[in-house]
Amino acid sequence: QVQLVESGGGLVQAGGSLRLSCVASGRIDRNYVMGWFRQAPGKQRQFVAALIWNGGSPWYADSVKGRFTISRDNAKNTVYLQMNSLKPEDTADYYCAARLTTQIQYNYWGQGTQVTVSS
């Protein structure tokens, strides 16, 4: 089992920044893909960014490229999502998720953290 706990959400004005954290525990190793997703009220959950613990380049949704950065701290088993130049349309619940590199579906999810961007 893998446990994921997000933190760092909050209320910020448009143009501002937030950094989300996701602490992973349990049976997680470097063969996992760590992803960030978001879900706005009344909308489907959408992919934001992901990386592989072992390394390699991260990948991003087009809507956040150039503004968001995903990174990891292996020693702390923590994945971060640095969000800059926030827009009101970034308002959503943000979720951390994990899957093995050999799987397609993410099967471990955190409880989410809320991000609200005011105009």
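The paragraphs below turn to the nonpolar cores and then to the salt bridges.

This is a predicted model, in which local features need pLDDT of at least 70 and side-chain atom pairs count only at pLDDT 80 or more, while totals for chains, interfaces and linings use all residues. Residues are numbered from 1 along each chain as its sequence is written, and side-chain values use heavy atoms, with hydrogens and water left out.

The largest nonpolar core has 31 residues, and those with the most contacts inside it are Leu4, Met34, Trp36, Leu81, Met83 and Tyr94. Such a core is a set of buried Ala, Val, Leu, Ile, Met, Phe, Trp, Tyr and Cys residues joined through side-chain atoms within 4.5 Å, where buried means under 20% relative accessible area, exposed over 50% and partly exposed in between (1.4 Å probe, protein chains only). Apart from this core lies another, of 5 residues, among them Val33, Phe37, Ala97 and Tyr106.

The structure also holds 3 salt bridges, each a side-chain nitrogen of Lys or Arg within 4 Å of a carboxyl oxygen of Asp or Glu. Asp90 pairs in this way with Arg38, their closest N and O atoms being 2.9 Å apart, and both Asp90 and Arg38 are buried. Asp90 also meets the side chain of Arg67 in a salt bridge (2.7 Å, N to O), and Arg67 is likewise buried. Asp62 forms a salt bridge with Lys65, at 3.2 Å between the closest N and O atoms, and Asp62 counts as exposed because its relative accessibility is 64%.
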